[in-house]
Amino acid sequence: MERDGWYSEEWAGQGSAISLRIKEKLHDEQSPYQRIEIYETETFGTLMTLDGLVMVTDRDNFVYHEMMSHPALFTHEKPERVLIIGGGDCGTLREVLKHEEVRHVDQVELDERVTRVAERYFPELCAANADPRAHLHFQDGIKWVKDAPAGSYDVIIVDSTDPVGPAAGLFGQAFYADCLRALARDGIVVGQSESPLFHAGLIKSMHEALRGANFLDVATLYFPQCTYPSGWWSATMARRDTTLAGFREEAVAERDFATRYYNDGIHRAALASPEFLFQSLL
Ligand code: SAM
């Protein structure tokens with residue numbers, strides 16, 4: 001919501017909100033799926049909102065996009081085939097393509113308008129879209145996974161909106177069972193899992209649904225994300241056939257690309273569960 005020079009997002013049911021002072025509104029359209037707005041802010045650069053909710057800002061998107069991609073990709077021994085569901089702003093795609101092991105990425109985003117608007121207003125996030133390894137598709141990710149041949153992918157990244165509307169099915173056991181089948185041996189699925197402070201129940205239900213879908217190991221990564229509800233965010237990983245313990249530490253140390261948040265220490269620290277969650281996830 002825009003008022004008196006501020007964009008504000010009320011955090012549903014939490015009696016709290018975030019506000020960013022804006023310079024001007026740059027874009028506003030109703031796609032077949034959601035309202036897409038772009039603002040120029042005073043201190044966070046360009047802001048994209050979907051249905052009035054913060055999706056991405058120039059200033060802080062790096063934390064989220066790095067944590068949605070590098071922990072899973074450095075945990076897998078050889079992540080060659082990757083599927084991104086959602087991810088329409090293309091920031092996660094850019095991080096995935098930094099990994100030289102990656103040979104093929106399918107990005108399945110429901111709403112093509114999100115990507116086309118991101119290409120105009122977030123060109124740096126879309127800088128890797130022309131990479132020959134990148135294949136952009138615009139359709140429902142739930143159906144894509146259901147139809148995918150068994151063993152198609154090494155890593156599946158679910159960079160979706162909140163678990164409502166078309167994204168709701170991306171957080172349930174039926175979808176995770178389809179992911180398990182679409183993953184090759186030792187494959188990993190990682191999905192954004194909302195705020196540990198506001199949505200601990202969702203994280204718990206994701207753990208239960210993933211284990212119910214026969215994933216062997218499940219772990220949640222915790223990280224700051226100041227423009228998302230509560231400013232504290234998470235991503236939940238699950239792995240078939242083997243554990244999530246350990247990662248390619250040497251590869252992280254020797255990586256030939258820069259990150260601004262992720263490193264080996266962050267990888268280890270992000271897996272440490274806060275006590276209130278540790279107890280509830282037992
Ligand atoms: N970083 C954001 C967050 O954590 O809320 C997510 C960014 S990305 C823009 C979210 C995308 O998920 C949206 O573009 C939306 O269209 C897409 N999406 C929602 N449900 C989907 C589905 N079932 N299949 C594919 N994409 C979906």
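Analyst: One term to begin with: a polar contact is a pair of N or O atoms within 3.5 Å; within protein, one must be able to donate a hydrogen and the other to accept it, and residues adjacent in sequence count only if both atoms are side-chain atoms. This is a predicted model, where local features need pLDDT of at least 70, side-chain atom pairs count only at pLDDT 80 or more, and totals for chains, interfaces and linings use all residues. Residues are numbered from 1 along each chain as its sequence is written, and side-chain values use heavy atoms, leaving out hydrogens and water.

User: Great. Which ligand atom does the backbone of glycine 141 lie 2.9 Å from?
Analyst: A nitrogen atom of the ligand, reached by a backbone N or O atom of glycine 141.

User: And what about aspartate 140?
Analyst: An N or O atom in the side chain of aspartate 140 is 3.0 Å from a ligand nitrogen. Glutamate 109 has a polar side-chain atom 2.6 Å from an oxygen atom of the ligand.

User: How much of the ligand's accessible area does the protein cover?
Analyst: The protein covers 99% of the 600 Å² that the ligand has on its own (Shrake-Rupley method, 1.4 Å probe).

User: New topic: how many disulfides are there?
Analyst: Zero, counting a disulfide as a pair of cysteine sulfur atoms within 2.5 Å. For cysteine 126, the nearest cysteine sulfur belongs to cysteine 90, 4.2 Å away.
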